[in-house]
Amino acid sequence: MIDTHIHADARSGEDFREMYLSGIDTAITCSFYPYKIENESILLNHLNRILEYDTKRASEYGLDLKVALGIHPTNAIEDHDLIFSELYKWIEAKKIVAIGEIGLEDLTECEIDVFKKQLDIADETKSKVIIHTPRKNKKEVLDVILDIVPEHLNEKQAVIDHINLDIIDDVIDKDYMLGLTIQPQKLDTAETISILEEYGFDNFLLNSDMSNKPSDPLSVPKTIRELKRLGFKNRLIEKVARKNAESYFKI
C-alpha cells in the first residue's frame, strides 16, 4: 500500500513502524511547517531535514519514504529565490517525486504569487504538483485554485488534495488526480468509500495526512480492509491501494 500524503517530520518512528506492519510499504511526505517561518534559510533547512533526515529515519522502520517539497501556503514568504533554486536541483537530481504540498490557504497576495511561481516551475520541469485545499473556506479557495492552475500548468500534472463531498462535483469532470484524505475533519472511511463507489477508482489517491493535527497513521489500510470486507473487486481496490500512485508519481 501507498499513503500518498503524510508529514513525516511531525511523527514518531513508532508511527512508521505501525504503518509498515499494517502493509504500507511506501509513503509520500510533503512539506509543511505549522508556524510562520519568515527567514528563507531556516525554511530551506526545514525542507532539507525532510529530504535527508526523515527519509533515513523512516527507512529504519521499514518504510520507503518518498518526498514532495515546495513552499506550503502557510509558509509563503516574499524572499524565496534560494528555495526555488534548490527546488530545481532536487528535481534535476530526481530527489523528489512532486512539488508539494503547495496551494492556497488565506488567499493573500504572497500565497498566490508563490503558488503561481511553483506551478510555473512544475510546467518548466514537467513535474507533478500536490495542491493543498484548506479546511476553512474550502470551496472559495478551490475556485481560485481552479482559475489559476490551467493558466500555468496542465491539469494532468496536478493532484488536488483533501477533496470532500462538498467540492467533488467541482473537480470530478476535470483532468486532475484527486486526493482523498481520511482524517478527522476531512473524510472518514465511510465517506471515502461512498465517493469511490459513486465516482469510480481511476482518478483517486488515498492518504492519511498524518501530521501534527489529529490523525490516524493507519487510516489508509483500515479503508482498504473495509473495501475488501464490503466485497469490492480486488482489481479496483489495488488502484487506490497502490497502482494509481505508482503510475502517477512513477514510483
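## Close-up views

**View 1. Tyr248 is buried, with a relative accessibility of 9%.** Buried here means under 20% relative accessible area, exposed means over 50%, and partly exposed lies in between (1.4 Å probe, protein chains only). Phe249 also counts as buried, at 6%. Look for Lys128 too: its charged end sits over the ring of Tyr248, 4.8 Å from the ring centre. A charge sits over a ring if NZ of Lys or CZ of Arg is within 6 Å of the ring centre and within 35 degrees of the ring normal.

Please keep in mind that this is a predicted model, where local features need pLDDT of at least 70 and side-chain atom pairs count only at pLDDT 80 or more, while totals for chains, interfaces and linings use all residues. Residues are numbered from 1 along each chain as its sequence is written, and side-chain values use heavy atoms, leaving out hydrogens and water.

**View 2. The model holds three aromatic pairs.** Phe201 and Phe232 make a tilted one, with 5.8 Å from centre to centre and 55° between the planes. Phe201 sits in the loop between helix H7 (189–199) and strand S8 (204–207), and Phe232 in the loop between helix H8 (219–229) and helix H9 (234–249), so their pairing ties together parts 31 residues apart in sequence. Both Phe201 and Phe232 are buried. Tyr248 and Phe249 have ring centres 5.2 Å apart and planes at 90°, so this pair is edge-to-face. Rings of Phe, Tyr and Trp (its six-membered ring) pair if their centres lie within 6.5 Å; planes under 30 degrees apart are stacked, over 60 edge-to-face, and the rest tilted. Helices (H or I, at least four residues) and strands (E, at least two) are DSSP runs, numbered from the N terminus.

**View 3. Here are some backbone features worth a look.** The peptide bond from Gly100 to Glu101 is cis, with omega near -5°, and Glu101 belongs to strand S4 (residues 98–103). Lys94, in the loop between helix H3 (81–92) and S4, has a positive phi near 55°; at 75% relative accessibility, Lys94 is exposed. Gln185 has a positive phi of about 75° and lies in the loop between strand S7 (177–181) and H7. Gln185 is exposed as well, at 70%. Most residues other than glycine have a negative phi, and most peptide bonds are trans.

**View 4. The largest nonpolar core has 73 residues.** Phe204 is among those with the most contacts inside this core, along with Phe115, Val129, Ile131, Ile224 and Leu227. Beyond its neighbours within four places in sequence, Phe204 is in contact (heavy atoms within 4.5 Å) with residues including Ile168, Met177, Leu196, Tyr199 and Asn244. A second, separate core of 13 residues includes Ile2, Val97, Ala98 and Ile130. Such a core is a set of buried Ala, Val, Leu, Ile, Met, Phe, Trp, Tyr and Cys residues joined through side-chain atoms within 4.5 Å.

**View 5. Strand S2 (residues 26–29) is covered on both faces.** Thr26 and Ile28 on one side, and Ala27 and Thr29 on the other, are all buried. S2 runs parallel to strand S1 (residues 2–6), joined by three bridges, and Ile6 has Thr29 as its bridge partner. Strands pair if DSSP finds at least two bridges between them. S2 also runs parallel to strand S3 (residues 64–69), through four bridges, with Asp64 as the partner of Thr26. The chain passes from S2 through helix H2 (residues 40–59) to S3 in a right-handed β-α-β crossover. Right-handed means that, with the strands pointing away from the viewer, the path from the first strand over the helix to the second runs clockwise.
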